[in-house]
Amino acid sequence: MGLNIAQKLIKSHLVSGEMIPGQEISIKIDQTLTQDATGTMAYLQFEAMGIDRVKTELSLSYIDHNTLQSGFENADDHKYIQTVCKKHGVYFSKPGNGICHQVHLERFGVPGKSLVGSDSHTPTCGGIGMLAIGVGGLDVAVAMGGGAFYLNMPSVVKVNLTGKLRPMVSAKDVILKLLEILSVKGGVGKIIEYSGEGVKTLTVPERATITNMGAELGATTSVFPSDEMTYEFLKAQGREKDYAPLCADPDAEYEEVVEINLSELSPLAACPHSPDNVVPVSSLSGKQIDQVCIGSCTNSSYTDMMKVAAILRGRTVAENVSLVIAPGSRQVLTMLAENGALADIVASGARVVECACGPCIGMGQSPKSKGVSLRTFNRNFEGRSGTKDGQVYLVSPETAAVSAVTGVFSDPMTLANEVDVSVKMPEKFEINDNMIIPPAKEGEEVEVVRGPNIKPFPLNTELPETLEKRAVLKVGDNITTDHIMPAGAKILPYRSNIPYLSQFCFAVCDESFPERAKEWNGGFIIGGSNYGQGSSREHAALVPLYLGIKAVITKSFARIHKANLINSGILPLTFKNEEDYDKIELGDTLKLENIKSLIENGGEVILINETKGVSIPLVSDFSERQRKLLSAGGLLNYTSKSVNK
C-alpha cells in the first residue's frame with residue numbers, strides 16, 4: 001500500500017512508535033519558530049534546561065505580536081528574546097519585519113522538512129509541503145534542545161479539490177467551506193491533506209491561507225503537495241535550491257475523503273462567534289458595517305494585497321467604515337510601495353498599520369461597542385478583537401475590500417465584471433533580510449538582558465496520592481484559549497509575568513475566578529467538549545497552574561491545550577459518560593483517590609463528588625511517557641529528575 005503525503009513526512013522523521021492512528025509516536029524536528037507572545041516563556045524554559053546551543057537545523061524567533069510599545073514591558077521582552085537568541089544560536093526577526101508565518105513561508109520554509117512553532121497557525125507552512133505543527137512553548141524548547149516531539153499518530157483526511165475558483169472567490173472561501181462541512185471539532189486528531197486537479201490552480205499564498213486556517217478545524221496540521229507551483233514560488237524567493245517534490249502515492253489510502261468543487265464555491269462569511277458559523281455573503285448583503293480589517297497571517301500576502309489594491313483603486317472607503325490594512329511582511333509592504341499599489345490603498349482612505357499581527361489578537365484597532373467588524377483573519381472568538389461585544393465576521397480580502405467601499409456587507413461577485421483581481425505571481429520577490437539578526441558564533445560571549453517584567457514561570461510539584469479540591473469553575477463547550485487567557489493590548493505585554501496575568505484568567509467567562517481560585521487554594525475546572533481550542537498559548541496552562549488548578553475535567557480536549565496541561569503537570573481527564581458533566585456544580589468538593597498510582601500504573605479513575613455523594617468514572621487516556629510527566633508534576637520536573645539521575 002502506498003503512502004499519502006502526511007505519512008511520507010512523518011515516516012521520514014519518525015523516531016519512535018508505529019504509524020497507527022491514535023498511537024503515540026515521536027518525530028525529529030528540523031526547524032522551530034517562536035513569536036514574542038509565547039517566546040519569552042519558551043526561552044526561559046530552554047535556559048532552564050541548561051543547554052548551550054540549539055540543536056535544530058534552523059530556529060527562528062519573530063517579534064510580531066507585542067509590537068505596540070506603550071510602556072517598557074514589550075521592549076524589555078524583545079531585548080531579552082534578542083539577546084537570549086544571540087547567545088543560544090537562534091535567528092531573530094526584528095519587529096516590523098513581519099508576521100512569523102508569512103515571513104517563514106517566504107524566507108525559510110522547506111518542503112519535506114518538519115517544523116514546530118509556539119503558535120497554533122504554524123501549519124501555514126504546510127502550503128509548501130512542510131510537516132508544520134503548532135505546539136506549546138515548552139515543546140518548542142525541548143525541540144530546540146534536540147528532543148523529539150511527541151504526538152498521537154493522526155489519521156489523514158483527503159480533501160479532493162476539483163475545478164477552479166471563479167473571479168472574486170478566494171482561498172479563504174475554500175477553508176470556510178471546509179469549516180462549514182467539518183466544524184471546529186472536525187479535524188481533531190487528523191491531518192488534512194489536499195489533492196486533486198484543483199490543487200494545481202492554487203498558488204502557494206492561496207494554499208497557505210487554507211493550511212493556516214486548518215488550525216480552526218482542530219487539525220494537527222494541513223498539507224499540500226510540493227509541485228511546480230511550489231518550485232516557482234521558491235525560485236521567485238531566490239530559494240529554488242530548497243525545492244523538493246512531494247506527492248502522495250497513486251494507491252495511497254485515507255481515513256476519510258471530502259470533495260470540494262472550487263468552481264461551485266461562492267463568497268462565504270463566518271458569523272460571530274465561531275469560525276464554523278458559515279453562511280453565504282449574499283445572505284448578509286446590505287447589513288451595516290463599522291470596520292474592516294485586512295491582513296493577519298491568513299490573508300496578508302502580496303497577492304492578497306494586490307487584489308485589495310485593485311478593488312480600492314479609484315474608489316473611496318465609505319464614511320461609516322474604518323478600513324485598516326496590515327501587510328504580512330516587510331517584503332509585501334516594500335513591493336506594494338514600489339509598484340504603486342500602496343498609493344492606491346492609501347488614496348482610498350485606508351489606514352495602513354505595521355506588518356504585524358495587530359488587530360487579529362486585539363493589539364489595537366478594536367471595533368466600537370457592538371461594532372460590526374469584517375476581518376480577513378482566522379478567528380472571531382468572543383472578545384478576541386478587544387471589544388467584548390464586538391461582532392466579528394471572517395471574510396475574504398475581496399469581500400472585505402468591496403464591503404469597505406459600499407459601507408455594507410456586499411457580495412464581491414457583483415463587481416466581478418468591473419474589477420480584474422487576477423494577480424500574476426511575481427517572477428522575483430523583493431529580497432532584503434537585513435532585519436533578520438543571526439546568532440553569535442558558538443563560544444562568543446553574549447550577555448542576556450532581563451527586564452523587571454520577566455518573572456519566573458511556575459513549577460508544579462509531584463502528583464500526590466490523593467487530590468481533594470473544589471470545583472472552582474464550570475464552563476460549557478468550545479472554550480477557547482482566548483477565554484482562558486485573553487490577549488489584547490492591556491494583557492499581552494505581561495506574557496512574561498504570570499502573577500500579573502493571573503488576574504485576567506477566564507475574565508471573559510467569570511471575572512471572579514482568579515480571586516476564588518486563590519481563596520479556595522486552587523481546585524478543579526469542569527468543562528464541556530473541545531475545551532482549549534484555538535491558540536497554542538501555553539499561558540492557558542501556566543496561569544491556571546499558578547492559581548492552583550490540579551485537574552481539568554471535560555467532555556473532550558483540543559490537542560495542543562491537552563498537551564500543554566500535561567507538560568505543566570495538570571491532569572486533563574474526560575468524562576466516561578458525558579451526561580455526568582451535569583452531576584457537578586460550582587463549589588462541589590471533589591476527590592480523586594489513589595490518583596498517583598492510577599496515573600502511573602493505569603486503571604479506572606473515579607471522581608467522587610463528596611457534596612452530592614456520587615461517583616463519576618473518568619477516562620485517563622495517556623501514553624506511558626505522559627503518565628511519567630504527570631506523576632513528576634510536568635515536563636520540566638521530569639526532565640530535571642531524569643538529568644539528576
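**The largest cavity and its surroundings**

Modeller: The largest cavity has a volume of about 170 Å³. Its lining is made of 24 residues, and Q35, H65, D119, I361 and R384 are the closest to the centre. By class, the lining has nine nonpolar, nine polar and six charged residues.

This is a predicted model, in which local features need pLDDT of at least 70 and side-chain atom pairs count only at pLDDT 80 or more, while totals for chains, interfaces and linings use all residues. Residues are numbered from 1 along each chain as its sequence is written, and side-chain values use heavy atoms, with hydrogens and water left out.

Now the terms. On a 1 Å grid over the protein atoms alone, a cavity is a set of points where a 1.4 Å probe fits but cannot get out; a pocket is an open set with protein on both sides within 12 Å along at least five of seven lines; lining residues have an atom within 4 Å of a point. Points are joined across faces, edges and corners, and the volume is the space filled by probe spheres set on them. Nonpolar means Ala, Val, Leu, Ile, Met, Phe, Trp, Tyr, Cys or Pro, charged means Asp, Glu, Lys or Arg, and the others, Gly among them, are polar. Helices (H or I, at least four residues) and strands (E, at least two) are DSSP runs numbered from the N terminus.

Eleven of the 13 residues of α2 are buried, so the helix is largely enclosed by the rest of the structure. Buried means under 20% relative accessible area, exposed over 50%, and partly exposed in between (1.4 Å probe, protein chains only). Among the buried residues of α2 are D36, M41, Y43, L44 and F46.

Strands β3 and β4 are the next stop. Strand β3 (residues 31–35) and β4 run parallel and are joined by five bridges; two strands pair if DSSP finds at least two bridges between them. L33 has L60 as its bridge partner in β4. Strand β4 (residues 58–62) is mostly covered, with five of its five residues buried. In a regular strand the side chains alternate between the two faces of the sheet. In β4, L58, L60 and Y62 point one way, S59 and S61 point the other way, and all are buried. L68 is partly exposed, with a relative accessible area of 42%.

How many cavities of 30 Å³ or more does a search of the whole structure find? The search finds eight. The second largest cavity has a volume of about 140 Å³. Its lining has 14 residues, of which A215, G218, G534, A558 and I560 lie nearest the centre. That lining divides into five nonpolar, six polar and three charged residues.

The open spaces come last. The largest pocket holds about 780 Å³ of space. It is lined by 33 residues, with N152, R559, K562, D621 and Q626 nearest its centre. Elements giving two or more residues to this lining include α5 (137–144), β8 (149–152) and α17 (559–568). Helix α17 gives the most, with five residues. By class, the largest pocket is lined by 17 nonpolar, nine polar and seven charged residues.

About 540 Å³ of space lies in the second largest pocket. Of the 29 residues that line this pocket, E206, K307, V421, S422 and V423 lie nearest its centre. The elements that give two or more residues here are α6 (171–182), α7 (204–212), α9 (302–312) and α12 (397–406). The lining of the second largest pocket divides into 13 nonpolar, seven polar and nine charged residues.
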